[in-house]
Amino acid sequence: MGVNLSVEIGKLKLKNPVLVASGTFGYDDTYEELIKFERLGALITKTITLKPRQGNVPPRNVETPSGMLNSIGLQNEGIEDFIKNKIPQLRRIKAPIIVSIAGERIEDYAELAKSLDRVKEVGALEINISCPNVEYGEEGECLFAQDVYMTYGVVKAVRETTGKTVIAKLSPNVTNIVAIAQAAYDAGADVLSLVNTFFGMAVDIEKRKPKLGNISGGLSGPAIKPAALYMVYKVARAIKLPVIGMGGIISAKDALEFIISGANAVAIGTGNFVNPQVYLEIISGIEEYLKKNKLTDVKELAGTLSE
Amino acid sequence: MVQTKVKIVSNLQVAPGHFKMILDSPEIAREAVPGQFIHVRVNEELDPLLRRPFSIHNTGHKSQGTSNQVEILYKIRGKATDILSGRKSKELLDVIGPLGNGFPLPEHPFDYAQGKQSTLSTMLRASRAPVTSILVAGGFGVAPLVFLAERLREFQIQKVPACWPAGKIKIIALVGARTKNNILCEKELINLCDEVKIATDDGSCGHKGVVTDLLKELLSTIDCRLSTLYASGPNFMLREIKGIAKIFKILSFGSLEENIACGLGSCFGCAVRTTEGYERVCKDGPVFNLEEIVWE
């Protein structure tokens, strides 16, 4: 007997709950040679901004124990290029496309959402308010996702501009993730995506210099999994929105931990760098687990943690 | 480009701390061009986590029945390469490749010095000097240059049309190492090149000093307009070569080194500043025209 892996994320129907996270699979057909896109739950694109961004000074990534730091700084060609040149490449990909967007001001997010609202290939928008490598707003010190009012403001502005599914991507660099999630919910988000990377740094002790050109960056990979899992658990319990859980997922077991803790879907990030085919293992691993546990639908598993 | 589990044919130490690994991968061997790399997961553990990129050192030879083979040459530099050096023959290794853009190879004599086609035929007729390919290797940076020398040699033998006087193409390799024991691939290069010159930091073999000393000396004796420089080694060496190439007005290509995460062009982590903005070493490189690189 087959099992049903399909899930609904807002208005998006996904054939399975395994997505690839923003920034780890490109925003065009980069992986086409390697990947069977039709097997993916969905592709979340690299973050797009209004204007092209050249990104941060290299070195931009450094490996740490079971993890990596990155300080890419959202290098991308901007929304105009994305719609003109990348969307036609993405059209060939047989997976739902979720476009990640980021801005420096609330108005930027609204403008991006407006431009993408017309593009039929775009299945949903993921609002990246949590990239640790860019400066937001006038002060530039705080992430939008670290402030309930700013989170509310950005999500609301996007919500009012688009009919597409709105996903808010939250930062783990907060004292109370549930309060931020609540603000996104109040502003009309359909789905929550968490977590983005943790602030981190690494030092070259011989040169007494940071290993990243940008000094600090975002930590990802298996090293952050327990912390990410805890935040997904807290948010999924408290907020009545579907959650896409992510943070260090690299095996079916990792994905199952997130789903059992309340995630409706999961996204693979750094794991794609380690093994671009890992999504296949994760999908089949989830399927096997369901069969073994005599479940017919992955939706029955979400949030079944017994406490 | 494929992701595949390939069998390790052999993994042997070739110099202190340096290893040569031979892999069995028909797909990669068939597709690979000099300057491309393979992205290797050294084991299935989570630390080290990321893959490591290795320049393709050579592919096998039909005449020896090894045309399915791909070679890498590496130095133990940390945990990942240490683990790699312990991998045994017949074990499987998870590899993606071939990746990136290789060294521009001459397709036709008149395309030889890329971008100089319009004047080259006139210059060739006027000049008595040979067209020279200069390979400059620093340390284990020699890895991709052996593969390149082989392809240049094939070109030299097979593709030069009759209208070209013999000896019109010359391949010269300049190899730099810390000390005599660390000189890599000397024998291979002697077989493939018209001339091989060595420099060691301690003077235990060849010129005492750095390989770029040899380069400056060489460039002052040849017609640089007809020549191309192919370099591979640490970034500080490439930076020096860029400066020399500018003075001598010689076309120069270098294989750059960076921390590479995805290896496929998706993460933009291995950025290098060029005259066109930040480009990706893994996807836009690893071979760049050195003129375009803006060193930070």
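Predicted model: local features only at pLDDT ≥ 70, side-chain atom pairs only at ≥ 80, totals over all residues.
Student: Why is chain A called as compact as a globular protein of its length?
Tutor: The globule rule gives 19 Å for 307 residues, and the radius of gyration of chain A is 18 Å, which is close to that value, so chain A is as compact as a globular protein of that length. Along the principal axes, the C-alpha atoms of chain A fill a box of roughly 55 × 50 × 40 Å.

Student: How do you know what part of the contacts in chain A joins residues 24 or more positions apart?
Tutor: Two residues are in contact if their C-beta atoms lie within 7 Å; among the contacts in chain A with a separation of 6 or more, 72% are between residues 24 or more positions apart, and the corresponding value in chain B is 61%.

Student: What is the span of helix 3 of chain A set against?
Tutor: Helix 3, residues 148-161 of chain A, has 14 residues and reaches 20 Å from its first C-alpha to its last, which is close to the 20 Å expected at 1.5 Å a residue. Its buried residues include Y152(A), V155(A) and R159(A), and what covers the buried residues of helix 3 includes helix 2 (106-117) and strand 8 (122-128) of chain A.

Student: Which residues touch the most other members of the largest nonpolar core?
Tutor: That core has 196 residues, of which L192(A) and V266(A) touch the most other members. Leaving out residues up to four places away in sequence, V266(A) touches P17(A), I244(A) and F258(A), among others.

Student: What makes up the side of chain A that touches chain B?
Tutor: In all, 31 residues of chain A are in contact with 24 residues of chain B. The elements of chain A that give two or more residues to this side are strand 5 (61-64), strand 6 (67-70) and helix 7 (271-274). By class, the side has 14 nonpolar, 14 polar and three charged residues.

Methods:
Residues numbered from 1 in each chain as written. Chains lettered and ligands numbered in written order. Helix = DSSP H or I, 4+ residues; strand = E, 2+ residues; numbered from the N terminus. Nonpolar A, V, L, I, M, F, W, Y, C, P; charged D, E, K, R; others polar. Core = buried A, V, L, I, M, F, W, Y, C linked by C-beta atoms within 7 Å. Buried ≥ 20, exposed ≤ 12 C-beta atoms within 10 Å, placed from the backbone. Rg over C-alpha atoms; globule rule 2.2 N^0.38 Å. Expected span 1.5 Å × (residues − 1).
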